[in-house]
Amino acid sequence: MAQSKLQSKPKKEHKPNWRHYSFTTVGPIDDYLYSILPKRDSVLEEMENYAAKHDVPIVGPAVARVLQQLAMTINAKTVCELGSAIGYSTIWWAQAVGEKGRVIYTDGDPKNAERARGYFGRVGVANRVTLHTGDALEFLSEQKEQFDIVFNDVDKEDYPRVLRLVPSRLRKGGLFITDNVLWSGRVAQKNPKDGYTKAILEFNRLLYASKDFYTTILPIRDGLAVALRV
Ligand SMILES: C[S@@+](CC[C@H](N)C(=O)[O-])C[C@H]1O[C@@H](n2cnc3c(N)ncnc32)[C@H](O)[C@@H]1O
């Protein structure tokens, strides 16, 4: 009797649960991650302070290090940056590509470009950076060359459009990197109404589904999508 009861017991399902309940990168853990970063060039620190004071949404030093490390990993020599603001991430790219490398800065705001130009000179990377003021997507659509890296940090509603433009302008083995793909967690909302979140959700879905890329999202800061051109 006891035996048959045992046999009829429903099998326990062992579905993987990838939630890491005991760990979160917000708050004190973020503080720790930023506290262990090596000291940066004083101009970069000045830019971080300027960005904080004037609400310029820069990637910050932890993400910037990932960008630089990825560029070093594939020995990137050409980077096309879409959305450069005051040139903070541009400088990290410029340092990664070395003296013979080239980084394209793009921003729609000429005042940003002017400020960025000053920083490039002070950091000593001005000869590696080409500045373009105007619409970054239009600029990319006109490019005939294939870059080693395309970095996407423009207005979020344009992300799906950027994705359509990138494959033919990125060499195989190159990287398509996009910031803010977790959008402060709003991507996890049930029915997001705002256009930016919807555009990012569409972008992430298309990026993972694309046969042109092998993608992972790194949940660092606001989420960084790293897509290898295959
Ligand atoms: C998030 S900020 C870039 C920050 C920069 N990547 C960094 O981390 O240092 C976005 C910038 O992209 C610019 N931008 C947004 N959409 C653009 C577009 N379609 N064409 C050119 N610039 C654009 C904005 O003017 C803004 O300065």
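**Close-up 1. Helix H6 spans residues 110-123 of this predicted model.** The helix has 14 residues. From first C-alpha to last, H6 reaches 20 Å, close to the 20 Å expected at 1.5 Å a residue. Just after H6, Gly124 takes a positive phi of about 85°.

**Close-up 2. H6 has a buried side and, on the other side, exposed residues.** Ala113, Ala116, Tyr119 and Phe120 are the buried residues of H6. They lie on the same side of the helix because they cover an arc of only 125° around the axis. An α-helix has 3.6 residues a turn, so residues three or four places apart point the same way. On the other side of H6, Pro110, Lys111 and Glu114 are exposed. The buried residues pack against helix H3 (42-54), H5, E2 and strand E3 (129-133).

**Close-up 3. A shell of 20 residues lies around the ligand.** Gly83, Ala85, Tyr88, Ala136 and Val154 come nearest. Helix H5 (88-97), strand E2 (102-107) and helix H7 (136-141) each give two or more residues to this shell. By class, the shell has eight nonpolar, six polar and six charged residues.

**Close-up 4. The largest nonpolar core holds 57 residues.** Leu67, Ala71, Val79, Trp93, Ile149, Val150 and Ile177 touch the most other members. H5 supplies the largest share of this core, seven residues. In soluble globular proteins, nonpolar side chains tend to be buried together.

**Close-up 5. Contacts of Leu67, one of the core residues that touch the most other members.** Neighbours within four places in sequence are left aside. Leu67 is then in contact with Ser89, Trp92, Trp93, Phe151 and Ile177. Trp93 and Ile177 are also among the core residues that touch the most other members.

How values were computed: Residues are numbered from 1 along each chain as its sequence is written. This is a predicted model: local features need pLDDT of at least 70, side-chain atom pairs count only at pLDDT 80 or more; totals for chains, interfaces and linings use all residues. A residue is near a molecule or strand if its C-beta atom, placed from the backbone, lies within 6 Å of it. Helices (H or I, at least four residues) and strands (E, at least two) are DSSP runs, numbered from the N terminus. Ala, Val, Leu, Ile, Met, Phe, Trp, Tyr, Cys and Pro count as nonpolar, Asp, Glu, Lys and Arg as charged, and the others, Gly among them, as polar. The expected span of a helix is 1.5 Å times one less than its number of residues. A residue is buried if 20 or more other C-beta atoms lie within 10 Å of its own, exposed if 12 or fewer, and partly exposed in between; C-beta atoms are placed from the backbone. The arc is that of the directions from the helix axis to the C-beta atoms. Two residues are in contact if their C-beta atoms, placed from the backbone, lie within 7 Å. A nonpolar core is a set of buried Ala, Val, Leu, Ile, Met, Phe, Trp, Tyr and Cys residues joined through C-beta atoms within 7 Å.
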